[in-house]
Amino acid sequence: MSRAALPRAAAAASLLLLSCGTTPYDTQSLELPPAAARSDDPAHVTLSLADLGLREAWSHNNQPTLTFPFQARADRVMSDARIRLQIAEEIDPSWHIRELQILVNQDKVLGIGLESLKRDKRERIIALDPQLLGSKNTLTLALLLERDGPCGTIPRGAWRLIEGGELLINSSPLPLPNDLGLLPLPFVDRGVDRAASVPIVLPPSGAREVVRAAGVLASWFGVQNGAALSFPVSQATLPDASCVVLIDSPDAAAAVGLAPPEGASAQLLDHPLHRGGNVKLLVLAGRTPAELMTAVLGLTAEAAPLTGPKMSFGPAAPRAPLAPYQSPRWMPAGRALRLDRIPGFEGLTHAGRSGGKMSLRFRVPPDLWVWPAENVLLDLGYTITTAKGAGQPRLDVLFNDGYLGTLPPMDLARGQTVGRALLRVHRSRLHGFNELSVFVAWPEADELTCGGAQSSNFKVTITGDSTLHLESLRHFANLPDVSLFVHDGYPFTRLPDLADTAVVLPDAPRPSEHSLYFSTLAYFGSVTGVVGDPALLTAEAVLRSQALDRDLLVIGAPDREMLQRRWADDLPLAIGAESVVPQMPEPGRGLYGLLDGGVGYRELGRARATVAGISHLTAVLGMRSPLDRKRAVVFLTATSEADFVPLTELQGYADATTHGGDLLVAGGGKRFRFRIGPSYALGRLAGLDAVRWFLANRVVALLGCALLGVLCLGSQVRRALARHVGRRLREGLPEL
């Protein structure tokens, strides 16, 4: 069965299950299009209506209906759903609301009158009839007014009647064939999931070559989905869920009740506890760890289409090395970036009289350096189509949620067809991952423009020649920068295939350390779009190296990780058996640490006050490599094994007072970032800019230069005055 046939099969099975009155024997969370979907409970999915579009409707939409699409995974069928609405405590009389209607797939579910809205409790929970649900669905909210507004519109702001809401969905499984072509199903549905769990079963040997193979496979899952993935790890024990099983010997196969491998192969088969269902085992097998790696590389290379229940693989051809920044998901730098070259640009068109949002998401190399300039220029072109006399919309432009400006109206009376505006994006707003948003708000309609309002004569389009000017930017980063690491995987993702990366795990990694390693590689893959295969080293091998020309990612609890103990004096955080203490790294102590004006010592005091209130934390530590001064070392550590979390949980807002930083701590549901130790540069600046950058980050040195300048200037002034006095004396004039 092909993936294209799965939605049709899901719909048919849905009708069959519902007509037979079958009770779901299992439920699975459904991740629907917005990233706001939560999957804390695997039996449910919760979608926020505010994130689905209600938030924008509060201020921009004057249309009487809101529609929210939602769908099931391809291997699931919806069994039931509920809507939870939070009604405003006070209803503005100027809204003239008569009734709130709720429709699913255009069928009316419920109508709530004004008096009921005022009288009854603010929270409403509405159960949806399962027979109304299919594989793809729409939820529609409609406001009926006591008197019709102009052109059928409602007063702007009337959608604030609904202060919030959620869509709660349950589903039951559909049988899946054993076909490798369905991957990454049943683990991840690329069109639906925003977070997913991929359990991995390691063989009893736990050999490093096996762990490396599992890391490559985790990276492939990240490339396939781009979601927040977690990888629960067990050893020689099958969990009661779909899982990936790695086999490196006949004994490893016997340990989980599988047939001995005959060579490098990949197979999708039923879970022994769920015959004929959609709970599957993806088995990557070989008679040796080397053959297992061959199977993983064959599956992830996708040199031939994946098909059938089982495939065998021979040795894969070596991959061509990639150049720095050669990531298919990063827009090229060093040139002007036209918006029509960004995938998804066709979405920058808004049709209709209702307000709304146009957005475009894209990635650029995270180390593009804007300084000493303050801004990057965005040359934005736009066209507006409107009915005669209907006015023009307000167009507000945001970049990564930062307001850039409002586009000026066009002079349509004089035949202007394309407007242009030059907007400035502050350097603090340009990140590796970016979102350009344009909010459209049309003026209130009146009776004279109703005919046009009911047609398709209203359209706003961003022109394809709109350009973000990146051509003058160079690659440069001020490291360590833990924020660049957790959000963009930098500096490791600089080479998308991680060829310059070495990962260091403890000698006998625990499941939580394996899991963190796999989720980190998966996130790197989602950032770059390339399957990564870093070197996997032991701490002893690293310490034996006189010079190691690789960036190091070190994962492990400090009591088990030798490098944290060996380089403890160079790290901004010391984690002991009974205490966690921020400290000034050795390179930042003494006079050198004062050159930045004492910023590091102020940050150290803030870090100590913050960490003192956190008993269990996960930390990201950054430092310059002691083995190669051009390389970086990043530590992922925690106070205990139970405190490790996936890398994606370290992302988002972190309380900070400076840019960058060498320490990120997460605990108690909060994140904090600090810049304690000294920084170093990765990349080159032009001559004068390099001097300016050095002085900008060394306040004491800048004051010293200023003092030296004053002394030099004073000396020159003194000599000039002496010459002037001598000349006046020789002329016989009285001295002034």
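Trp-442 and Phe-458 are both buried. The model that places them is predicted. Their rings have centres 4.9 Å apart and planes at 90°, so they form an edge-to-face pair.

**Trp-442 and Phe-458**
- Trp-442 sits in the loop between strand E25 (433-441) and helix H7 (450-453).
- Phe-458 sits in the loop between H7 and strand E26 (459-462).
- The pair therefore ties together parts that are 16 residues apart in sequence.
- The plane angle of 90° is over the 60 degrees required, so the geometry counts as edge-to-face.

**Phe-485 and Phe-524**
- Here the ring centres are 6.1 Å apart and the planes meet at 85°, so this pair is edge-to-face.
- The centre distance of 6.1 Å lies within the 6.5 Å cut-off, so the rings count as a pair.
- Phe-485 belongs to helix H8 (residues 482-488), and Phe-524 to helix H9 (residues 511-528).
- Phe-485 has a relative accessible area of 1%, so it is buried.
- Phe-524 has a relative accessibility of 2% and also counts as buried.

**Aromatic pairs across the structure**
- The structure holds 11 aromatic pairs.
- Phe-187, Trp-220 and Phe-221 are linked into a cluster by ring pairs.

**Ile-384 and its surroundings**
- Ile-384 is part of strand E21, which spans residues 375-385.
- Its relative accessible area is 9%; this is under 20%, so Ile-384 is buried.
- Beyond its neighbours within four places in sequence, Ile-384 is in contact with Gln-392, Pro-393, Leu-395, Met-410, Leu-412, Trp-442 and Lys-459.
- Trp-442, one of these contacts, is also a member of the edge-to-face pair with Phe-458.
- Leu-412, another of the contacts, is 28 residues from Ile-384 in sequence.
- The C-alpha to C-alpha distance between Ile-384 and Leu-412 is 9.0 Å.

**Cysteines and disulfides**
- A search of the whole structure finds 0 disulfides.
- A disulfide is a covalent bond between the sulfur atoms of two cysteines.
- Cys-243 has 0% relative accessibility, so it counts as buried.
- Cys-712 has 43% relative accessibility; this falls between 20% and 50%, so Cys-712 counts as partly exposed.

How values were computed. Residues numbered from 1 in each chain as written. Predicted model: local features only at pLDDT ≥ 70, side-chain atom pairs only at ≥ 80, totals over all residues. Heavy atoms only, no water. Helix = DSSP H or I, 4+ residues; strand = E, 2+ residues; numbered from the N terminus. Buried < 20%, exposed > 50% of the residue type's maximum accessible area, 1.4 Å probe, protein only. Contact = heavy atoms within 4.5 Å. Disulfide = S-S within 2.5 Å. Phe/Tyr/Trp six-rings, centres within 6.5 Å; stacked < 30°, edge-to-face > 60°.
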